[in-house]
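Try each task before reading its solution.

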Amino acid sequence: MAQLEGYYFSAALSCTFLVSCLLFSAFSRALREPYMDEIFHLPQAQRYCEGHFSLSQWDPMITTLPGLYLLSVGVVKPASWIFGWSEHVVCSIGMLRFVNLLFSVGNFYLLYLLLHKVQPRHKAYF
């Protein structure tokens with residue numbers, strides 16, 4: 001049964017990633033400019049991506065902590081070194097949105113782990 005559960009989880013994770021990629025692609029084609037609160041968050045994330053971490057450059061309209069910006073830098077900067085991408089590509093709107101796509105898949109896995117903690121093993125169906 002545990003092996004079957006692994007297959008179910010892999011299938012659900014794959015489907016989630018596929019649907020997320022399709023939605024990401026559709027939204028990225030339709031919305032090439034910052035949308036809604038991206039007007040505030042994208043310039044701030046791009047400053048972090050360029051290595052400008054000064055508090056004097058913090059946008060006062062942003063009320064969240066800079067965790068996602070720092071994690072985004074931790075994901076996209078190594079990608080730029082490995083693949084040789086320019087800073088313009090790495091700090092683009094599309095790449096920073098893609099980091100959110102990766103985190104959504106990570107959240108799916110965290111939800112799976114939480115379900116295993118909350119429910120007894122014999123009651124978990126996925």
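## Exercise 1: A loop residue

At 75% relative accessibility, leucine 55 counts as exposed, because the cut-off for that class is over 50%. Keep in mind as you go that this is a predicted model.

Task: find where leucine 55 is placed, and how far apart leucine 55 and tyrosine 112 are in space.

Solution. Step one: leucine 55 sits in the loop between H2 and H3.

## Exercise 2: How H2 meets H3

Task: work out whether H2 is parallel or oblique to H3, and which residues make the contact.

Solution. Let's start with the axes. Those of H2 (residues 38-49) and H3 (residues 67-83) come within 9 Å, crossing at roughly 55 degrees. That angle makes H2 oblique to H3. The handedness of this crossing of H2 and H3 is right-handed.

Now turn to the side of each helix that takes part. H2 brings His41, Gln44, Ala45, Tyr48 and Cys49, and these meet Tyr69, Leu70, Val73, Val76 and Lys77 of H3. Sorted by type, the residues of this contact are seven nonpolar, two polar and one charged.

Next, look at burial along H2: Glu38, Leu42, Gln44, Ala45, Tyr48 and Cys49 are buried. Their cover includes H3, helix H4 (87-90) and H5. Just after H2 comes glycine 51, with a positive phi of about 95 degrees.

## Exercise 3: Arginine 97 and phenylalanine 24

Task: is arginine 97 buried or exposed, and which residues does arginine 97 touch?

Solution. Begin by locating arginine 97 in helix H5 (residues 93-118). Its relative accessibility is 13%, so arginine 97 counts as buried. If residues up to four places away in sequence are not counted, arginine 97 touches Phe24, Phe27, Ser28, Leu31, Glu33, Pro34, Tyr35 and Glu38. For one of these, Glu33, look at the backbone: the backbone oxygen of glutamate 33 lies 3.2 Å from a polar atom of the arginine 97 side chain.

Now view the contact from the other side. Phenylalanine 24 belongs to helix H1 (residues 2-30), and at 23% relative accessibility it counts as partly exposed. Leaving aside neighbours within four places in sequence, phenylalanine 24 is in contact with Gly94, Arg97, Phe98 and Leu101. To finish, check the spacing of phenylalanine 24 and leucine 101: they are 77 residues apart along the chain, and their C-alpha atoms are separated by 7.4 Å.

Technical notes. Residues numbered from 1 in each chain as written. Predicted model: local features only at pLDDT ≥ 70, side-chain atom pairs only at ≥ 80, totals over all residues. Heavy atoms only, no water. Axes fitted to C-alpha atoms, helices over the stretch in contact; angles between N-to-C directions. Helix = DSSP H or I, 4+ residues; strand = E, 2+ residues; numbered from the N terminus. Parallel < 35°, antiparallel > 145°, perpendicular 65-115°, else oblique. Left-handed = near helix turned anticlockwise from the far one by under 90°. Contact = heavy atoms within 4.5 Å. Nonpolar A, V, L, I, M, F, W, Y, C, P; charged D, E, K, R; others polar. Buried < 20%, exposed > 50% of the residue type's maximum accessible area, 1.4 Å probe, protein only. Polar contact = N/O pair within 3.5 Å; in protein donor to acceptor, adjacent residues only side chain to side chain.
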